[in-house]
Amino acid sequence: MLFALVGLFPLLYTGYLSVHDWDKLYRERGEFTGLENFEFVLADPIFRKAMVNTFSIFVMSSVPQVVLAVSIAALLDNRLRAATFWRMSVLLPFAVAPAAAALIFGSLFADQSGLINAILREVGLEPIRWHVDRLWSHVAISSMVNWRWTGYNTLIFLAAMQAVPRDLYESAALDGAGRLRQFWSITLPMIRPTMIFVIVTSTIGGLQIFTEPRLFDDSISREGGADHQYMTLALYIYDRGIVDGFYGRASAAAWVLFLVIVGIALLNFALTRYVTRRTS
């Protein structure tokens, strides 16, 4: 019942809106339009640019995020002094409010007065136009995402690693297996369900990214840059639905995003199972 209320109903109602026209002046449902909203969205060059931007930021954030989280969790799984302090400290970025994170990274990636550009000028290099160049804007936004979510995923991986029986490591050590061999042959296969969970949730979150590009944009319109060079699909849906009032088109874009997320999540699930089975 709870799933039907908070999950299934919004999904079905969005699908209902996507095949109807809407009067944005009176906020009333108009005539049935079939797949017209979908045709508009798929033919919209801004939507295509938002799709490319979303995948670019998703790859730059999710892949290094999972690799770093597993690596840091493996380090924290060893015997350390003040282990609780180090393990909880990785969660600190996740506790920082997104607006505060935007202020921190805004001072780093500002085009004129940013710390990184100041360092580049000091060493004789040209400053980077973080808010203008498409690729560099994706690098800046993905670094914000990685900073916030790597520690959170690290604790999830660490909890899974703590549940691995220590007898397996002791037996492997007696057989002459080093730390790296133990990590590949014992740790990764044993945390496979957790790894699948993190990859799937990272995929969903990465393709729905909204807050970071919205806060990174310091222009008045906040539409992902003057040329939409870092507009994501979630930002596109917000602009078409809330700002412009085209609920049908926004709902159609939301359904396209939903289908893309399901497809990528299933692909990630299959690839992860294949890789971990070969590793084990």
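Glutamate 212 has a relative accessibility of 8% and therefore counts as buried, since the cut-off for that class is under 20%. In this predicted model, the side chain of glutamate 212 meets that of arginine 148 in a salt bridge, with 3.7 Å from N to O. The two partners belong to distant parts of the chain: glutamate 212 is in helix H12, arginine 148 is in helix H8 (residues 134-162), and 64 residues separate them. Is arginine 148 buried or exposed? Arginine 148 is buried, its relative accessible area being 10%.

The count of salt bridges comes to five. Another of them joins aspartate 227 to lysine 49, whose closest N and O atoms are 3.2 Å apart. This pair also links distant parts of the chain, for aspartate 227 lies in the loop between helix H12 (211-216) and H13, lysine 49 lies in helix H3, and they are 178 residues apart. The class of partly exposed residues lies between the buried class, under 20%, and the exposed class, over 50%.

A further salt bridge brings together the side chains of arginine 240 and aspartate 244, at 3.1 Å from N to O. Arginine 240 counts as buried, at 12% relative accessibility, whereas aspartate 244, at 27%, counts as partly exposed.

The loop between H12 and H13 also holds histidine 228. Most residues other than glycine have a negative phi. Histidine 228 is buried, with a relative accessible area of 15%.

From these individual residues one may turn to the interior. In soluble globular proteins, nonpolar side chains tend to be buried together. In this model the largest nonpolar core has 21 residues, and those with the most contacts inside it are Phe47, Leu207 and Tyr236. Which elements give two or more residues to this core? They are helix H2 (36-43), helix H3 (45-76), helix H13 (233-243) and helix H14 (247-279). H14 gives the most, contributing eight residues. Leucine 207 shows how such contacts join parts of the chain: leaving aside residues up to four places away in sequence, it touches Thr54, Phe55, Phe58, Leu257, Val260, Ile261 and Ile264. Apart from this core lies another, of 20 residues, which includes Ala160, Ile186, Ile191 and Val198.

The protein as a whole can now be described. It contains 14 helices and two strands, and its C-alpha trace spans about 75 × 55 × 30 Å along the principal axes. Of its 280 residues, 40% count as buried. Among contacts with a separation of 6 or more, 67% are between residues 24 or more positions apart.

The accessible surface comes to about 15,900 Å², and 67% of it belongs to carbon and sulfur atoms.

Technical notes
Residues numbered from 1 in each chain as written. Predicted model: local features only at pLDDT ≥ 70, side-chain atom pairs only at ≥ 80, totals over all residues. Heavy atoms only, no water. Helix = DSSP H or I, 4+ residues; strand = E, 2+ residues; numbered from the N terminus. Buried < 20%, exposed > 50% of the residue type's maximum accessible area, 1.4 Å probe, protein only. Contact = heavy atoms within 4.5 Å. Areas by Shrake-Rupley, 256 points an atom, 1.4 Å probe, with all protein chains shown as cover. Core = buried A, V, L, I, M, F, W, Y, C linked by side-chain atoms within 4.5 Å. Salt bridge = Lys/Arg side-chain N within 4 Å of Asp/Glu carboxyl O.
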